[in-house]
Amino acid sequence: MLVDAVLNIVKTLELNFDTWSKAYGDTTLSSLFMMNIHWHFFKHLKGTKLGELLGDPWLREHEQYKDYYSAMFLRESWGTLAPLLSREGLIMFSKGRATARDLVKQRLKSFNASFDEMFQKQSKWVISDRDLQQKTCHLVVQAVVPVYRSFMQNYGPLVEQDVSASRYVKYSAEDLDKMLNTLFLSKPGRPMRAGSFQIKNSNDKITSAMTGLYRSASTLK
């Protein structure tokens, strides 16, 4: 009876994932929530009696869903920065150095504005699982830093000698790497809740359900 009850809890939780994710008004945050909760299912049930009852295919499915929502999160957020550093019109300075310099300035200005807005916003988000936080930061870094480094190596010299260079060259590639690796960490003085991260209105229900599930899994070991 206990096994059946716990399995029913699991199925009920799965049915509510999509509903809970929509409690966020931000699709990017919804994707991060889904990535996080699928990872919690995979990580915390793997190696438990409940995990054995659900089976390896079920666990792998949650791991795959985590990867799917990770990719969606990147595509909807940090993945939008790379196109801002397009090389169109810059190849061999086909329209002259002055025109190329103006294009580089415009693209760096757009990149900086989008980066700053996104970084400020996501710096307030927390992923409490250290492994997932590090994996997510690594993906973000790989989506942003190599593209920025390549762009600056090729076109940075066009603006770096300009008197207004500091308005456009705000960061080095190393600066971006360091900043992005601080994302999703709990800041001093910020309250932490059990489970994943804060969700307005629905968090207490999620935390209570997940805590009960983990306790049940431990009982079945």
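**Exercise 1.** In which hand of crossing does helix 4 pass helix 6? Describe the packing of the two helices.

*Solution.* The model is predicted: local features need pLDDT of at least 70, side-chain atom pairs count only at pLDDT 80 or more, and totals for chains, interfaces and linings use all residues. Residues are numbered from 1 along each chain as its sequence is written, and side-chain values use heavy atoms, with hydrogens and water left out.

Step 1. Take helix 4 (residues 56-76) and helix 6 (residues 130-155), whose axes lie 11 Å apart at an angle of about 40°. Helices are DSSP runs (H or I, at least four residues) numbered from the N terminus. Axes are lines fitted to C-alpha atoms over the stretch in contact, and angles run from 0 to 180 degrees between N-to-C directions.

Step 2. The angle makes helix 4 oblique to helix 6. Angles under 35 degrees count as roughly parallel, over 145 as roughly antiparallel, 65 to 115 as roughly perpendicular and the rest as oblique.

Step 3. Helix 4 passes helix 6 in a right-handed crossing (the near helix is turned clockwise from the far one by less than a right angle).

Step 4. Helix 4 contributes Lys66, Ser70, Phe73 and Leu74 to the contact, and helix 6 contributes Leu132, Thr136, Leu139, Val140 and Ala143. Contact means heavy atoms within 4.5 Å.

**Exercise 2.** At roughly what angle do the axes of helix 1 and helix 2 cross?

*Solution.* Step 1. The axes of helix 1 (residues 2-21) and helix 2 (residues 27-45) cross at roughly 165° and come within 9 Å.

Step 2. The two helices are therefore roughly antiparallel to each other, and their crossing is right-handed.

Step 3. Among the contact residues are Phe17 and Trp20 of helix 1, and Phe33 and Phe41 of helix 2.

**Exercise 3.** Which residues of helix 8 are buried, and against which helices do they pack?

*Solution.* Step 1. In helix 8 (residues 173-180), Ala173, Leu176 and Leu180 are buried (under 20% relative accessible area, with a 1.4 Å probe and protein chains only).

Step 2. These residues cover an arc of only 60° around the axis, which puts them on the same side of helix 8. The arc is that of the directions from the helix axis to the C-beta atoms.

Step 3. The buried residues of helix 8 pack against helix 5 (97-122) and helix 6.

**Exercise 4.** Where is Phe184, and is Phe184 buried or exposed?

*Solution.* Step 1. Phe184 sits in the loop between helix 8 and helix 9 (203-220).

Step 2. Phe184 counts as buried, at 0% relative accessibility.

Step 3. Although not a glycine, Phe184 has a positive phi of about 65°.

Key. Buried < 20%, exposed > 50% of the residue type's maximum accessible area, 1.4 Å probe, protein only.
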